[in-house]
Amino acid sequence: MFKKIVVIDDTGLRPWALERLSALAKNVICYDDIPADEEEAISRIGDADGVLVSYNTRIGRQIIEACSGIKYIGMCCSLYSEESANVDIAAARERGIVVSGIRDYGDEGVVEYVISGLVRLLHGFGEHQWKREALELTGQKVGIIGLGRTGKMIGDALRFLGAEVSYFGRNRKREAEKEGYTYYPLAELLRRSDIVCTCLPRNTFILGDAEFMNLGKEKILVNTSVGPTAFLPDLLKWLRSDVRNFYLCDGVGIGAYADALAEFDNVLYTPKVAGHSAQCMERLSQKVITNIESFLTAS
């Protein structure tokens, strides 16, 4: 049992999961807002030996070194790699702190967001219509950048609706290729695709000026990642180059670009978080609690 668990920000844990924490720690303190800075985060953690955090708050080296009692950090968000994590995992490892994250909890909502956004834009069901004539997804050439679980689920849904789906990734997905997915190098994928969807780990910037030149005009770019995947000056240049270049993203995909993109009519942004449905938060809660229980069992 933990001496003290601090839920440092709004993690989205369901009420039953917060109650379960009381059986896993002698003292549980929960916050439902984001700490303003590192000093506030340090103050909130105090002498806690367990910390739970969402993707909204960074727990860096300074916080880890200041809070010497931490034994466990539970990320209530995806952990794909040390580089993309909002926890300094290397600093935690140096101090013997166990860091656990979760995966595959919000994908269904993200798939629905992508499909609904594209259908509205292609058919003109909302304020915007991509081409002069209404279009179906049937026959559209879609490129997925990052064919992990989310990318594959999006690709499968698009293929079911008749789209031609290809992909680019750091690693070839041979099983997906057996199913009919075609791999292209990034430059070729961008040139061939009418619609491109980036499904990448946090802090992965892959689209710059050269990539947008390959992508060209009258294209749709959908970002499902946590934070942008394109460099801002190059994204702005591409958006200004043609009113039929559309950029779709949700409340986490826009990242720090919200103010810069506010002027663009061809940026279709929703402040909603696609992977934040009731079902998503239920899956998240189950995985977070399982991670804590596994840590305690192993300790």
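In this predicted model, the buried residues of helix 10 pack against helix 9 (209–215), strand 10 (220–223), strand 11, helix 11 (258–261) and strand 12, where contact means heavy atoms within 4.5 Å. Helix 10 itself covers residues 232–241, and its buried residues are Asp-234, Leu-235, Leu-236, Trp-238 and Leu-239; buried denotes under 20% relative accessible area, exposed over 50%, and partly exposed in between, with a 1.4 Å probe and protein chains only. Helices (H or I, at least four residues) and strands (E, at least two) are DSSP runs numbered from the N terminus. Residues are numbered from 1 along each chain as its sequence is written, and side-chain values use heavy atoms, with hydrogens and water left out. Because the model is predicted, local features need pLDDT of at least 70 and side-chain atom pairs count only at pLDDT 80 or more, whereas totals for chains, interfaces and linings use all residues.

Helix 6 has 12 residues and reaches 16 Å from its first C-alpha to its last, close to the 16 Å expected at 1.5 Å a residue, the expected span being 1.5 Å times one less than the number of residues. Its buried residues are Thr-150, Gly-151, Lys-152, Ile-154, Gly-155 and Leu-158, and they pack against helix 5 (107–123), strand 6 (141–145), strand 7 (164–168), helix 7 (174–179) and strand 9 (195–198). Thr-150, with a relative accessible area of 14%, is in contact with Asp-107, Val-110 and Thr-224 when neighbours within four places in sequence are left aside. The side chains of Thr-150 and Asp-107 also make a polar contact at 2.3 Å, that is, a pair of N or O atoms within 3.5 Å, of which, within protein, one must be able to donate a hydrogen and the other to accept it, residues adjacent in sequence counting only if both atoms are side-chain atoms. Just after helix 6, Gly-162 takes a positive phi of about 100°.

Asn-86 lies in the loop between strand 4 (72–78) and helix 4 (89–94) and counts as buried because its relative accessibility is 6%. A polar atom of the Asn-86 side chain lies 2.9 Å from the backbone oxygen of Ser-54. Beyond its neighbours within four places in sequence, Asn-86 is in contact with several residues, including Val-53, Tyr-55, Met-75, Cys-77 and Arg-202.
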